[in-house]
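Reader: Before I look at individual positions, could you take me through how this chain is put together?

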Amino acid sequence: MLPVRMTTIFLIRHGLTAATGTRLYGRAEGFHLDERGRAQADQLAARFASVRLTAIYSSPLERCLETVEPLAAAQRLSLVRRPELIEMDAGAWTGRTLASLRRTRLWRDVVRSPSTFRFPGGESFAEARARVLGEVERIARRHRRGRIAVATHGDIVRMLLADMTGTPLDSFQRIVIDPASVSVVHIGGDGPHVFLVNDTGGGLERFGPSGAAAPRETAKRLSRRGRPTRRRDHPNLRG
């Protein structure tokens, strides 16, 4: 059975936009879900049909809010916007294409040593990790034994999961988080426990009131037609 004294957190990456995987849009506003993303949002609400949520928190950016709006409507809950859940501040790199950024000397630091990297004029990965960890811990304390959905961004989810699994920040990008995916963690008691990573389909019945979960759930890297996904083309990269 699920640990009854722990808070269940459903970490949700926003759905697809027209720029996902091609542009570093950072905190720029005006990036909405495209037709694919809106379909993902509807499917997400259906996947939670067997889970009664306590609250839904979201990054204030449109792409996150739009991802969980159908879920909030289905669960009859209000969306709580939290600025601490926002995407990283990419500074001077905001809006640039990933193709152009890969040609810069600094891109190597983003990939190889993110723990020491700061976006020019923006935020560091270390600062972002501290910011989101603090907020998720506050949410867990506010809703002890609750089931909470948290809608945020790919790098944010990956940094949270890396910290909860003891993965160094320099290796956090090995975790794959697809658009509209759900990862499930329990917080409380003797520490965080990761139950599910990067799930993109099916129901979440085992996380309902009487559901049971396997003691360990390994992360699965999903790829089309069963082939390994090329890193440079995968939407996991940014956004």
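This is a predicted model: local features need pLDDT of at least 70, side-chain atom pairs count only at pLDDT 80 or more; totals for chains, interfaces and linings use all residues.

Reader: In what order do the strands lie in the open sheet, and which are the edge strands?

Author: The sheet is open and its pairing is mixed, with the 6 strands in the order 3-2-4-1-5-6. An edge strand pairs on one side only, which here applies to strand 3 (79-81) and strand 6 (193-199). From one strand to the next, the twist averages 20°.

Reader: In which sense do strand 5 and strand 6 pair, and which residue of strand 6 does Val185 stand opposite?

Author: Strands of a sheet pair through backbone hydrogen bonds, and the pairing can be either parallel or antiparallel. Strand 5, made of residues 182-187, pairs with strand 6 over 4 bridges, and the sense is antiparallel. Within this pairing, the residue of strand 6 that stands opposite Val185 is Val194.

Reader: What share of the residues in the protein chain is buried?

Author: The accessible surface of the protein chain comes to about 11200 Å², and carbon and sulfur atoms account for 49% of that surface. Taking buried to mean under 20% relative accessible area, the share among the 239 residues of the protein chain is 52%.

Note on methods: Residues are numbered from 1 along each chain as its sequence is written. Side-chain values use heavy atoms; hydrogens and water are left out. Two strands pair if DSSP finds at least two bridges between them. Helices (H or I, at least four residues) and strands (E, at least two) are DSSP runs, numbered from the N terminus. Axes are lines fitted to C-alpha atoms, for helices over the stretch in contact, and angles run from 0 to 180 degrees between N-to-C directions. Buried means under 20% relative accessible area, exposed over 50%, partly exposed in between (1.4 Å probe, protein chains only). Accessible areas come from the Shrake-Rupley method with a 1.4 Å probe; for residues, only the protein chains shown count as cover.
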